[in-house]
Amino acid sequence: MFYGAAARKVLCEAYKQKVYGKQYVWFLIGWYEDDWYTEIKGLNCTIQQMKEAVEGHLTTEALMLNQGSKQTISGMTSADFLLRYEKVLLEEYGYERRPVGYQEAPLAYDAIWAIALALNETINKLKTVNKSIEGFTYEDEYISQQIYSAMNTTQFLGVSGWVAFSSKGDRIAWTQVEQMTDGNYSLLGYYDTQTDNLTWLRKEKWADDRPPPDRTIIVKVLRTVSLSLFISMTTVSSLGIVWAIGLLVFNTIFRHSRYIQLSHPMCNNIMLVGIICCLLCACLLGLDGQFVGESSFSNLCQARAWLLTIGFTLSYGAMFSKIWRVHRLTTKSKSESKKVASWKLYVMVGVLLIMDVVILSAWTFIDPLQRKLEVFPLEDPEESQDIKIEPQLEHCESENNAIWLGVIYGYKGLLLIFGIFLAYETRSVKVKQLNDSRLVGMSIYNVVVLCLITAPVTLVISSQTDATFAFVALAIIVCSFLSMALIFIPKILELIRRPRERIDARTLTDTITSREEEDRHLRLQRENDELRRQISEREDQIRQVTQALQERSNLRSLQVASTVGSGDRVRITVPGQYTDGVMLAPKDNIINDPTSDSGFITGTSIA
């Protein structure tokens, strides 16, 4: 509340600070003149700017002028009073415009009448007790009480309206409400405090045809995962679950196949169960306030923690036990047994599972996960200017959330590091007791890398709903799909390509225990056939040589007989291709030479 000069300064500054318009409504006292804002002397604003600043403001004041046409106690109507008042201002005081206090003139006029009436009443009462008003002093409580009582009971119709006073001495009058529109005040209504009656004329005008709110409306908006992202991730996770169930059926049907047996099918089943739990958790990560109520959200938090932790332990633990078995087999000395019992693998997974159950049970009963809201700074909506958006985000947290996460991340991190160490150590090892050791090592590489990336990144982007859900869900899906693809697709293809591998290993009597040994057996068979062929060729050569020797022996007998009988000399000429001493000339190539005194073969003399 301030006088006109101060009001002009305030509204000029409001224009500069843009504290006006459809978002704001100024309430001012109603005793200003109708054109009070046009006096801009000393202001750094124009009349047009002031008009914009004061547009739409409301004023309230006691009704200062009787709205009726009845004669008042003075014998004048309110209209007669205004005419007489303006005439005096112009003729006697020379005012060409209404002076300050013009609107309060009817109140001042009726105030004089109220005092006069109260004093007349007091004088009449004092006469009854032989007292007069002229003897009044401020110490005279009796006369003071008579004046107060007379004033309190005074009522009349004045030029300002019906005049009456409350027990506290306040003027009882109607209150009028006005609004400035287009630079002029328009009457909106009256309020009668005595009857508690409001008369509203419905002439108000507002920007956008609606009154601005009396405060900035804070709309709480829960940040949730977008429906399209949730549906897509849930669909992919569901397909992964169906695939894992199908692989469980495949592993069960061919569990006695020698190729499947050599990959330790029970560990593969444990891994598949863990993958199903992880993919179920990926679906639950997308559930939030748009699907789950506040009362059930804490249960959802517990389900997420249990499924993801147990699923990781079963799936990674199974692969870890298999790679540990390979490392154990390859690091044993020759004097030690090369056999690692299967129950040791189950015990290893069981110990990891028990550790998870103990930690999760303690977390659940001592410091359970609860729904916690993260409140973000207020945001402006795109359309409405009277509303502020208060974004909120749901989190699953406990009082000592960092400690529990540290415990789980700590021992899981050690398990990941040890697993990747074993995988690196056995990267080039192939053992017949486990035919998929390299594939298991590759799966461990993928899991470790994705986990080491996902864990810290999610802590950084935890305030971004869609990004966090997409990143974690994709990490789970990629790990699960890659592990199933690396470990099972080669087995399926092998059984399709080599039907012999489908045979029940319990019915086999041969000693072939692996694909490597079978390949070696086939290679030896091929070498044996080649050697047999070479032996056959050598045998043919031996027969030919034997036959040639036999013919040679017969020839020598013939030569001896001829020399003894006739004394002729025989010369044997052997072609060049038979000069190696292995193949001898046939009988037809023997030439009788009577001039030779001995028989010889080129390169070999025969006596």
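I began with contacts, meaning heavy atoms within 4.5 Å. Of those in the protein chain between residues at least 6 apart in sequence, 70% join residues at least 24 apart. The model is predicted: local features need pLDDT of at least 70 and side-chain atom pairs pLDDT 80 or more, while totals for chains, interfaces and linings use all residues. Residues are numbered from 1 along each chain as its sequence is written, and side-chain values use heavy atoms, without hydrogens and water.

I noted 14 helices and 14 strands in the protein chain, taken as DSSP runs numbered from the N terminus (helices H or I, at least four residues; strands E, at least two). I found that buried residues make up 36% of its 607 residues; buried means under 20% relative accessible area with a 1.4 Å probe, protein chains only.

Next I checked helix α8 (residues 265-285) against helix α10 (residues 342-366): they pack at about 20°, axes 10 Å apart. Axes are lines fitted to C-alpha atoms over the stretch in contact, and angles run from 0 to 180 degrees between N-to-C directions. That angle makes α8 roughly parallel to α10, a term for angles under 35 degrees. I listed the contact as Met266, Cys267 and Ile270 of α8 with Leu345, Tyr346 and Val349 of α10.

Last, I looked up Leu314, in helix α9 (residues 294-331). Leu314 is buried, at 12% relative accessible area. Leaving out residues up to four places away in sequence, Leu314 touches Ile270, Met271, Val273, Gly274, Val349 and Leu353. I also recorded 8.4 Å between the C-alpha atoms of Leu314 and Leu352, 38 residues apart along the chain.

Key. Buried < 20%, exposed > 50% of the residue type's maximum accessible area, 1.4 Å probe, protein only. Parallel < 35°, antiparallel > 145°, perpendicular 65-115°, else oblique.
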